[in-house]
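Please open the structure in your viewer and keep the selection tool at hand.

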Amino acid sequence: MNPPKNDKPEPSNPPSADREPAAAPDAAPDAKKPGMKYVFKIAPADPKRNSIDFEDVADK
Amino acid sequence: MKVALVFPPQGHFTQPYLSLPSLAAFLRGHGFEVHQLDESIGSYDHFLSRERLERSLERVAPEIALAALDGREELDFSAMERYQLLSELALIGRDVTLNIDEAKRVLRSRDEFYDYERYLWAGRTIEQGLRLFSAEYAPSRLTAHGFVTRYSVERSSEIIAALSDERENPYLEYFREFTLPRLQAIDPDLIGISVTFPSQAIPALTLCRLIKRWKPSVHITLGGGLLAYVADKLSKRPEIWSLIDSFVMLEGEGPLLRLAEGIRDGNLDLSTIGNLIYRGASGEVVKTPRGEPLDIKLLPTPDFDGLPLDKYLTPELVLPLAATRGCYWGKCVFCTLYTVIGPGYRGRTIAQTVEDMQKLSAKHKTKHFYLAIEDLPPNMAKRLPEAILDAGLDVSWWADARLEHDTFDQEVCDMLAKSGCKRLAFGYESASRRVLARMCKGIDPDASMELVRRVRKAGISVTLYAMIGFPTETREEAEMTLAAILENRDLIQEVSARVFYLDESSEIYRRRQEFDIVEVYPDPQSDLQVYYDFKPGSGMTRREARDVYLEFTKKLRSHFPVFQNTNMLYHELKSHYFLYLAEHGSWEALRDKVLSREVSGTRRAAVGPRPLAVRALRTRELAFDRARIDQRLSSIDSFTLRPRYQSDLVDDEDRARFDRELPREPREGSTLLYDARTAELHCISPAAAALLLRCDGTRTPEQVIEIVPQPVRANARDCLMELALHGWISEGGWIAEEQRR
Ligand code: SF4
């Protein structure tokens, strides 16, 4: 990954960390998009879980 | 005359290492002024600070970089890797930055560290902080366990190139800002740098380069475990001699003292000091004869004074202590450990060890010790406990040990436990008698399990080391090992498995024909290579061994509580598991009071009549399916056959091939979700996200799910339930009602 290091442009969107799901708009437009698959999936998103190798731990 | 001793990054951040305190005590005993600098913990502490991470966030600007990727039609392998990282940082970068100092405080606080939920939050936040920091220097990666860069530590030319890479070597800036000013304030005449792990190689030499630019006259000597393997090779590289003045091989006390005396007295003659490599007047590399191994009974207690003991990320210090050097067995053909600090096996007396514990415990107000030895010798297993108890010492400790069937009878095990032994780690390696015999392990697998049973009965936590792919080992034999471990899983708490690597300083390498190693493939460009790829003439191929190993680790994950779920005690923060054991008294108590509670979930809110997504959630919609990207990347990861600590980065050639050949990831929306209370990240599908968005406190559950067509409402209801089980929806009632139905 090679992000620009010295440029300090303003983020184009407000940081998403500030968004509150509780204050979301009334409708959930995405759910009505044609072709949307009604797959209800919840999965941990943690790169470490996937890549940790047992040896890493043993070595130190 | 001043001496500075430096432990360079990167070592683990949970406890000090023993090399500096041993050398410092010895030199101080001879009247020298010694300063100890642990720049590993120093740099972790700095990198993981709000001020520093704010800078990382600013420099990485994940929002912008992610937006660019989100605009693409598909992602190739490299883009997927960036996507994985940037999507996380765009969502949580600010939270992590704001919380990082608090996370360190929690890990250092007695009350909060043992509050498991607080602990998990802190541990995750630290890992996320490391990912944010690493992103600034990508592809370099700093984790709790390692530091890797695109530069191979097996190639001296690459190491040298890394030393001046401002963009990818984070330690240049750190050393300039912190270490160098400290050294300048001390103004030492001799600097000893201890290099134990491959991850320290680049940082150590980076520091040498900066020091030499500041003060060319200072004598820099490099010592430590890693050099036993690579110093000879490294010394052939002329550039190295502009960075350092000498290498100390094997144990450092003697040579370092002679260096210090010579510098002090103005009559330094390197040729008279044993165990040294240096460059002579006409540019030739000189290796002095091996010195006599030290009688370690004559050594003082390690001296930790001057180390930043409040910075390690534990609430109580776990101090390392070496009661022996070398291995009393010293026969296993794959092992090189016993040669690193050798030659020869030596021990301190039991009384000295107890006295060391006593002194250090009183001085540093801690009761926790890690016996940093290859294995607990039988006489010590039998006599140390009684001596600890007689001295009235209240300590807890752990160590590695050999499966000595006759030594560890029930009485000995019980006494060990009584004296505070909380954990023993044994080299079990294999369940096959034939393989064990070929390894020269000198143990019987059945008797070993009986021994393990006795250790467990005494209440001590058991760790087993296992090895897959020893030359000539068949798949059936490897599977026997897996089966034996799984069968006895109630007796075993941790398993540390590894694939066999052919180490050039091992006995098996020297006698490789006997082990049917038909060909060895050294990489001609890797002048510092110590592990070789090879072709076995019988038994499993290397690829097969790797596959069995992966299968093995998968099973471990599903069968051993220590490896399960979000448990970080073992995975990330090694000595934390030991501290938790000590705090709870036994494995059973830890499992029942902490681990299984976490697994079943304690903080689970239910859905109310009008469910409301909790305020602690942060979400971000993504154009690609992050869950699938995680999955795809992790499966690619597993194909590497080399020891990971050498580099867990994909090399350029592979990367180009993956980018070319792997199917591209198409656009497929997902939502990344961060729970600020637990610091957990999840990826949820658009449909699940839509439901969560509708939980705004105004709708009933029925109204929430009515957005989806009738045929999938039952699934939607289940999903709502799952969201609630994760604690993401507040207000009680609905779940209970649902479960009653
Ligand atoms: S594997 Fe353990 S017991 Fe065997 S020689 Fe090495 S340190 Fe000693």
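Begin by selecting B:R433 and B:D444, whose side chains meet in a salt bridge with N and O 2.6 Å apart. B:R433 belongs to helix α17 (residues 433-439) of chain B, whereas B:D444 sits in the loop between α17 and α18 (445-457), so the pair ties together parts that are 11 residues apart in sequence. B:R433 is partly exposed, at 47% relative accessible area, and B:D444 is also partly exposed, at 24%. Please bear in mind throughout that this is a predicted model.

Next, select helix α19 (residues 475-487) of chain B, and within it B:R475 and B:E479, which lie four residues apart, about one turn of the helix. A salt bridge joins B:R475 to B:E479, with the closest N and O atoms 3.3 Å apart. Are these two residues buried, partly exposed or exposed? B:R475 is partly exposed, with a relative accessible area of 25%, and B:E479 is partly exposed as well, with 31%.

Over all chains, a search of the whole structure finds 67 salt bridges.

Another such pair is B:D265 and B:R264, whose closest N and O atoms are 2.8 Å apart. B:D265 counts as partly exposed at 44% relative accessibility, and B:R264 is partly exposed at 43%.

Now turn to helix α15 (residues 378-390) of chain B. Its 13 residues reach 19 Å from the first C-alpha to the last, close to the 18 Å expected at 1.5 Å a residue. Where does this helix kink? Select B:L384: a kink of about 30° lies there, shortly before the proline B:P385. Both of these residues are among the buried residues of α15(B), together with B:M380, B:A381 and B:I388. Just after the helix, B:G392 takes a positive phi of about 70°.

Finally, select B:K212 in helix α10 (residues 201-214) of chain B. This lysine is buried, because its relative accessible area is 11%, under the 20% cut-off. The side chain of B:K212 reaches the backbone oxygen of B:V218 at 2.7 Å. Leaving aside residues up to four places away in sequence, B:K212 touches B:V218, B:I220, B:S242, B:L243 and B:D245.

Key
Residues numbered from 1 in each chain as written. Chains lettered and ligands numbered in written order. Predicted model: local features only at pLDDT ≥ 70, side-chain atom pairs only at ≥ 80, totals over all residues. Heavy atoms only, no water. Helix = DSSP H or I, 4+ residues; strand = E, 2+ residues; numbered from the N terminus. Buried < 20%, exposed > 50% of the residue type's maximum accessible area, 1.4 Å probe, protein only. Polar contact = N/O pair within 3.5 Å; in protein donor to acceptor, adjacent residues only side chain to side chain. Contact = heavy atoms within 4.5 Å. Expected span 1.5 Å × (residues − 1). Bend = angle between axes of the 7 residues up to and from the residue. Salt bridge = Lys/Arg side-chain N within 4 Å of Asp/Glu carboxyl O.
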